[in-house]
Amino acid sequence: MPSFLKSRALDALRIALVLTPWIASMYVFHWLDASGTWTSDTPHRGKLSIIILTVGMLSSFLLHAHLSRHGQK
């Protein structure tokens, strides 16, 4: 396998790995809606939405920072 192709494949794998927590938080929204748990009458729905998205995005950011720092060494 040529080195540039291997490099591209590793970059794609890193991107997929970094996006996984954020995509998982979006799936939580889908699952809550599909199961009927997440209705318009759910108390504190807006606050819970912000918390779920923040956890997913912060996890992705921290994972990206860790992988970037690890790759520079």
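Select Gly36 to begin. Gly36 follows helix H1, and its phi is positive, near 85°. Helices here (H or I, at least four residues) are DSSP runs, as strands are (E, at least two), and they are numbered from the N terminus. This is a predicted model, in which local features need pLDDT of at least 70 and side-chain atom pairs count only at pLDDT 80 or more, while totals for chains, interfaces and linings use all residues. Residues are numbered from 1 along each chain as its sequence is written, and side-chain values use heavy atoms, with hydrogens and water left out.

**Stop 1: along H1**

Now select residues 3–34, which make up H1. The helix has 32 residues. From its first C-alpha to its last, H1 reaches 44 Å, close to the 46 Å expected at 1.5 Å a residue. That expected span is 1.5 Å times one less than the number of residues.

Click on Thr20. H1 bends by about 40° there. The bend at a residue is the angle between axes fitted to the seven residues ending there and the seven starting there. A proline, Pro21, follows within four residues.

Next, colour Val18, Ser25, Phe29 and Leu32. These H1 residues are buried. Buried means under 20% relative accessible area, exposed means over 50%, and partly exposed lies in between (1.4 Å probe, protein chains only).

**Stop 2: a salt bridge**

Show the side chains of Asp11 and Arg14. How many salt bridges does the structure hold? It holds one. Arg14 forms it with Asp11, and the closest N and O atoms are 3.1 Å apart. The term needs a side-chain nitrogen of Lys or Arg within 4 Å of a carboxyl oxygen of Asp or Glu. The two residues are three apart in H1, so about one helical turn separates them. Arg14 counts as partly exposed because its relative accessibility is 40%. Asp11 is also partly exposed, at 37%.

**Stop 3: Ser25**

Move along H1 to Ser25. Is Ser25 buried or exposed? Ser25 has a relative accessible area of 6%, so it is buried. Its side chain reaches the backbone oxygen of Trp22 at 2.7 Å. A polar contact is a pair of N or O atoms within 3.5 Å; within protein, one must be able to donate a hydrogen and the other to accept it, and residues adjacent in sequence count only if both atoms are side-chain atoms.

Now select Ile52, Leu53 and Gly56. Ser25 is in contact with these three, leaving aside its neighbours within four places in sequence. Contact means heavy atoms within 4.5 Å. Draw a distance from Ser25 to Gly56. Their C-alpha atoms are separated by 5.2 Å, though the residues are 31 apart along the chain.

**Stop 4: two rings**

Show Phe29 and Trp38. A search of the whole structure finds one aromatic pair. Phe29 and Trp38 form this pair, which is edge-to-face, with 5.9 Å centre to centre and 75° between the planes. Rings of Phe, Tyr and Trp (its six-membered ring) pair if their centres lie within 6.5 Å; planes under 30 degrees apart count as stacked, over 60 as edge-to-face and the rest as tilted. Both Phe29 and Trp38 are buried.

Ser49 touches Phe29 and Trp38, not counting residues up to four places away in sequence. Ser49 counts as buried because its relative accessibility is 17%.

**Stop 5: the loop**

Go to Ser35, in the loop between H1 and H2. Ser35 is partly exposed, at 40% relative accessibility. Its side chain reaches the backbone oxygen of Leu32 at 3.3 Å. A polar contact of 2.9 Å joins the side chains of Ser35 and Thr37.

Now pick His44, in the loop between H1 and helix H2 (45–72). Phi of His44 is near 60°, a positive value in a residue other than glycine. His44 counts as exposed because its relative accessibility is 52%.

**Stop 6: Leu63**

Finish in helix H2, at Leu63. Which residues does Leu63 contact, leaving aside its neighbours within four places in sequence? Leu63 is in contact with Leu17, Val18 and Pro21. At 24% relative accessibility, Leu63 is partly exposed. Last, draw a distance from Leu63 to Asp11. They are 52 residues apart in sequence and 14 Å apart in space, C-alpha to C-alpha.
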